[in-house]
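Biologist: I would like to go through the helix packing and the pocket. Could you take me through the model?

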Amino acid sequence: MKTSPYRNKILKKANKYYRIYNQKESSHDINHFFRVEKIAKRIAKQENADYEIVEAASLLFDIARVIEDKDKDKDHAQEGAKIAKEILTEINFPKNKIDAVCYAIQVHRRSANINPKTIEAKILQDSDYLDA
């Protein structure tokens, strides 16, 4: 599977969140991110979507689920977009793509009944649903 030069940087910065997932018994563990990433990249290739946006969004989309688990008033999609923006800025991810990654994360929850407007956001939403 092809990877961008940002993948390992994202994984390193997000590791503190991933470690929490590994401590929980759930289908939404660290492997959920990797399964969604694999599905999303396959679709992205077929749809000629932006590979870096899809990869970054796939690795970060559920990063704030632990926050929502602790505080039901928090929406993990919205909180996750904020965390993703911080991480992507810190690793010098292309500035012109950060908002697209955050948008995909914000609208990834199929249960929120949001119809994504970009191909990358649609891919993330579908990939997460397929692995749910």
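Biologist: What is the handedness of the crossing where α3 passes α7?

Modeller: In this predicted model, α3 passes α7 in a right-handed crossing. The axes of α3 and helix α7, residues 119-131, come within 10 Å and cross at roughly 35°.

Biologist: Which residues make the contact of α3 and α7?

Modeller: Ile53, Val54, Ala57 and Ser58 contribute from α3, and Glu120, Ile123 and Leu124 from α7. In the contact of α3 with α7, five residues are nonpolar, one is polar and one is charged.

Biologist: And α6, at what angle do α3 and α6 cross?

Modeller: Helix α3, residues 51-60, and helix α6, residues 95-106, cross at roughly 45°, and their axes come within 9 Å. The two helices α3 and α6 are therefore oblique to each other. As for handedness, α3 passes α6 in a right-handed crossing.

Biologist: Which residues of α3 and α6 make that contact?

Modeller: On α3 they are Glu52, Ile53, Ala56, Ala57 and Leu60, and on α6 they are Lys97, Ala100, Val101, Ala104 and Ile105.

Biologist: How many nonpolar and charged residues are in the contact of α3 with α6?

Modeller: That contact of α3 with α6 has eight nonpolar residues and two charged ones, with no polar residues.

Biologist: Moving on, how do α5 and α6 pack?

Modeller: Helix α5, residues 76-90, packs with α6 at an angle of about 155°, and the axes are 8 Å apart. An angle over 145 degrees counts as roughly antiparallel, so α5 is roughly antiparallel to α6. The crossing of α5 and α6 is right-handed.

Biologist: Which residues meet in α5 and α6?

Modeller: From α5 come Ala77, Gln78, Gly80, Ala81, Ala84, Lys85, Leu88 and Thr89, which meet Ile98, Asp99, Val101, Cys102, Ile105 and Gln106 in α6. By class, the contact of α5 with α6 comprises eight nonpolar, four polar and two charged residues.

Biologist: Changing topic, how much space lies in the largest pocket?

Modeller: The largest pocket holds about 150 Å³ of space.

Biologist: Which residues line the largest pocket?

Modeller: The lining consists of Met1, Lys2, Lys38, Lys41, Arg42, Lys45 and Tyr51. Five of the lining residues of the largest pocket are charged and two are nonpolar, while none is polar.

Biologist: Where does the largest share of that lining come from?

Modeller: Helix α2, residues 30-47, supplies the largest share of the lining of the largest pocket, with four residues.

Technical notes: Residues are numbered from 1 along each chain as its sequence is written. This is a predicted model: local features need pLDDT of at least 70, side-chain atom pairs count only at pLDDT 80 or more; totals for chains, interfaces and linings use all residues. Side-chain values use heavy atoms; hydrogens and water are left out. Axes are lines fitted to C-alpha atoms, for helices over the stretch in contact, and angles run from 0 to 180 degrees between N-to-C directions. Angles under 35 degrees count as roughly parallel, over 145 as roughly antiparallel, 65 to 115 as roughly perpendicular and the rest as oblique. A crossing is left-handed if the near helix is turned anticlockwise from the far one by less than a right angle, and right-handed if clockwise. Contact means heavy atoms within 4.5 Å. Ala, Val, Leu, Ile, Met, Phe, Trp, Tyr, Cys and Pro count as nonpolar, Asp, Glu, Lys and Arg as charged, and the others, Gly among them, as polar. On a 1 Å grid over the protein atoms alone, a cavity is a set of points where a 1.4 Å probe fits but cannot get out, and a pocket is an open set with protein on both sides within 12 Å along at least five of seven lines; lining residues have an atom within 4 Å of a point. Grid points are joined across faces, edges and corners, and a volume is the space filled by probe spheres set on the points.
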